[in-house]
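Morning, everyone. I have one structure today, and I will go from the overall fold to a single residue. Here it is.

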Amino acid sequence: MRATRRREVANIMSANGTSALKLEVVTIPVADLDRAKAFYEGLGWRLDADFPLGGGRAIQFTPPGSGCSIHFSPASAANPAGSAQGLFLIVTDLDAARADLVKRGVEVSDVFHFTPDGREPGPAPERATYNSYAGFTDPDGNGWLLQEISTRLPGRIDPGTTSYASVSELAAALRRAAEAHGEHEKRHGGERDENWPDWYAEYLASEQAGTEPPE
């Protein structure tokens, strides 16, 4: 087991020649810990911790599908409540994510996008990936942005890492892979591809990494 773990660590470090650095937690300042806890529970975020720590209290939440969590810190003069702004939450379907928040009683802005002349209402033209947003704040005024990313640009993720935030998202990706694989089989005489699991895996990884899919 230890040898296997050492190999895994070596593989992580060899990807780009540096140690893996995974963003784990972002701290946001709040005036009332219980009020903040109730708000984020209402969002459907997972409560990971709530226990005494060093004369204070440690509270941690994780958004659905996220590898990064949030901690609360009591507001101070140096870090006043509401001073955390521009916190991005990535979604694949902005309308669905916005509707879910509204259903939970959250005041969410209308969808908007940015142009060279500034912020404009509505989604980005042709629903361009990375360019459609909606915003909301928590009770302290900490600001969150929903950003719709339908396709990652090349080089934006580790090509060896493939993950999905939900079962429905994975199912949609598998349907796209199945359709693409059907075209692949047609190009090769219509014969059944016995190696389809490897082809699917390569397709799903390339789709997330923004690289060329298998032929």
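From the N terminus on, the order of elements is α-β-α-β-β-β-β-α-β-β-β-β-α-α. That gives 5 helices and 9 strands; helices (H or I, at least four residues) and strands (E, at least two) are DSSP runs, numbered from the N terminus.

Now the conventions. This is a predicted model, where local features need pLDDT of at least 70 and side-chain atom pairs count only at pLDDT 80 or more, while totals for chains, interfaces and linings use all residues. Residues are numbered from 1 along each chain as its sequence is written, and side-chain values use heavy atoms, with hydrogens and water left out.

The protein has 215 residues, and 30% of them count as buried, meaning under 20% relative accessible area with a 1.4 Å probe, protein chains only. Among contacts (heavy atoms within 4.5 Å) with a separation of 6 or more, 54% are between residues 24 or more positions apart.

On to D138. Where does D138 lie? In the loop between β8 (132–137) and β9 (143–148). D138 counts as buried because its relative accessibility is 4%. Leaving out residues up to four places away in sequence, D138 touches I28, F39 and Y40.

With Y40 there is also a side-chain to side-chain polar contact of 2.8 Å; such a contact is a pair of N or O atoms within 3.5 Å, and within protein one must be able to donate a hydrogen and the other to accept it, with sequence neighbours counted only if both atoms are side-chain atoms. A polar atom of the D138 side chain also lies 2.9 Å from the backbone nitrogen of N142.

Terms used. Buried < 20%, exposed > 50% of the residue type's maximum accessible area, 1.4 Å probe, protein only.
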